[in-house]
Amino acid sequence: MKHYIIPVFIPHYGCTHACVFCNQQKITGQTVPVSAQEVTGIIEEHLVRITEKRHIEVAFYGGSFTALDLKVQQDLLTPAYEALQCGKIHAIRLSTRPDCITEGIVQNLINFGVSTIELGVQSLDDKVLEASARGHSSGAVVQAVAVIKKMGLSCGIQVMPGLPGEDWASLISTAQGIVQLAPDFVRVYPTLVIANTQLATMYNDGRYDALPISGGVSRAAYLKILFAQYHIPVIRTGLQATEDLGNPEIVLAGPYHPAFGEMVDSYLFYLMVAHFAESVILEKNSKILVHHHTRDTSKLRGMSNCNIKKLQRIYNMDQLVLKADGLKLDEVLIEYQNLSYIINKKMIYCI
């Protein structure tokens with residue numbers, strides 16, 4: 001059954017920290033907190049749009065939900081809980097900070113039907129967390145994940161490649177640490193320089209170098225490859241596109257693109273075919289037939305056929321032929337000189 005998310009944004013509502021990258025109003029496009037009455041309205045507005053059977057979740061995004069006063073948490077959760085009890089929705093999820101999780105807090109969420117908690121982890125490098133003014137250490141993440149799992153809830157992790165002080169070694173260490181934590185899923189949000197943040201000041205002063213699009217894509221691709229090898233799904237790469245995020249006066253720098261996730265998947269398909277090319281001796285003018293799923297054609301080709309052009313230029317694949325008859329998503333079967341090669345994300349690497 002397909003999922004349907006009813007998003008409820010609570011921008012910077014309850015958070016007592018000012019991380020260098022954060023301007024929730026610009027990220028979410030919302031400037032004021034919501035009330036319980038508005039939550040009811042949001043849920044009802046979405047429910048009337050759903051015409052087919054769906055697994056429906058109410059998701060509280062954009063703030064540190066469990067940093068709110070307990071009464072406020074309960075007030076906001078009540079409309080979703082009532083909808084859950086009536087069978088109008090099937091689940092409730094929320095996002096929060098790792099240092100705002102205790103057994104008591106989680107028990108309250110369980111009492112109101114919450115089944116999934118997403119933690120804004122961002123990094124597991126304490127130096128990066130300090131440089132980003134996160135206000136907690138990696139130890140808080142480990143403890144929060146342990147509490148959430150102990151109490152039987154699904155646990156997700158949000159990670160932000162490209163934070164101040166991060167390099168490839170730091171990112172790899174963070175990724176390996178996330179693997180050890182074994183979350184149920186991960187979101188990857190490469191760092192953007194948002195106007196009116198401390199990071200914007202650092203960027204303008206030359207104290208911070210933002211990732212280019214290519215850098216954000218390669219880091220996100222590395223994370224997707226590694227997590228796929230450990231059966232940890234990456235459910236999103238890149239922020240949800242909004243009108244504000246498309247405004248260059250708001251996003252000053254960083255790897256933002258409305259189709260960022262597609263770009264990452266396209267790069268992964270390039271790596272799959274490139275991995276094949278690096279593994280065999282290609283003879284000039286030899287036919288290379290790439291079988292793939294019909295839904296992967298655009299990703300395999302890349303934007304404006306950039307993957308095909310790059311493969312032809314670097315590996316002389318002039319006789320590269322694509323055939324959309326593959327059986328599995330995110331996988332290619334390559335026929336070359338009477339041999340077949342199956343390649344997917346678990347079989348390639350990225351540096």
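The legends below walk through several close-up views of this predicted model.

Residues are numbered from 1 along each chain as its sequence is written. Because the model is predicted, local features need pLDDT of at least 70 and side-chain atom pairs count only at pLDDT 80 or more, while totals for chains, interfaces and linings use all residues; side-chain values use heavy atoms, with hydrogens and water left out.

**View 1. Lys224 sits in helix H9.**
Helix H9 covers residues 213-229; helices (H or I, at least four residues) and strands (E, at least two) are DSSP runs, numbered from the N terminus. Lys224 is buried, with a relative accessible area of 10%. Here buried means under 20% relative accessible area, exposed over 50%, and partly exposed in between, using a 1.4 Å probe and protein chains only. Leaving aside neighbours within four places in sequence, Lys224 is in contact (heavy atoms within 4.5 Å) with Val234, Thr237, Val264, Asp265, Leu268 and Lys345. The C-alpha atoms of Lys224 and Ala195 are separated by 29 Å, and these two residues are 29 residues apart along the chain.

**View 2. The second largest pocket holds about 220 Å³ of space.**
Of the 13 residues that line this second largest pocket, Val217, Met263, Tyr267, Cys306 and Asn307 are the closest to its centre. H9, helix H10 (260-279) and helix H12 (306-315) are the elements that give two or more residues to the lining of the second largest pocket. By class, that lining has 7 nonpolar, 5 polar and 1 charged residues. Ala, Val, Leu, Ile, Met, Phe, Trp, Tyr, Cys and Pro count as nonpolar, Asp, Glu, Lys and Arg as charged, and the others, Gly among them, as polar. On a 1 Å grid over the protein atoms alone, a pocket is an open set of points with protein on both sides within 12 Å along at least five of seven lines, whereas a cavity is a set of points where a 1.4 Å probe fits but cannot get out; lining residues have an atom within 4 Å of a point. Grid points are joined across faces, edges and corners, and a volume is the space filled by probe spheres set on the points.

**View 3. The model has 2 cavities of 30 Å³ or more.**
The largest cavity has a volume of about 60 Å³. Lining the largest cavity are Pro190, Leu192, Gly238, Leu239, Pro255, Tyr256, His257 and Phe260, which divide into 6 nonpolar, 2 polar and no charged residues. The second largest cavity has about 30 Å³ of space, and residues including Leu282, Glu283 and Gln319 line it. The lining of the second largest cavity has 3 nonpolar, 4 polar and 2 charged residues.

**View 4. Four strands form an open sheet in the order E11-E10-E12-E13, with mixed pairing.**
Strand E11 (320-323) and strand E13 (339-344) are the edge strands, each pairing on one side only; two strands pair if DSSP finds at least two bridges between them. Strand E10 (residues 288-292) and strand E12 (residues 331-336) run antiparallel and are joined by 4 bridges. Leu289 has Glu335 in E12 as its bridge partner.

**View 5. Strand E4 (residues 114-122) is largely enclosed by the rest of the structure, because 8 of its 9 residues are buried.**
Strand E3 (residues 91-96) runs parallel to E4, with 5 bridges joining the two. Look for Arg93, whose bridge partner in E4 is Thr116.
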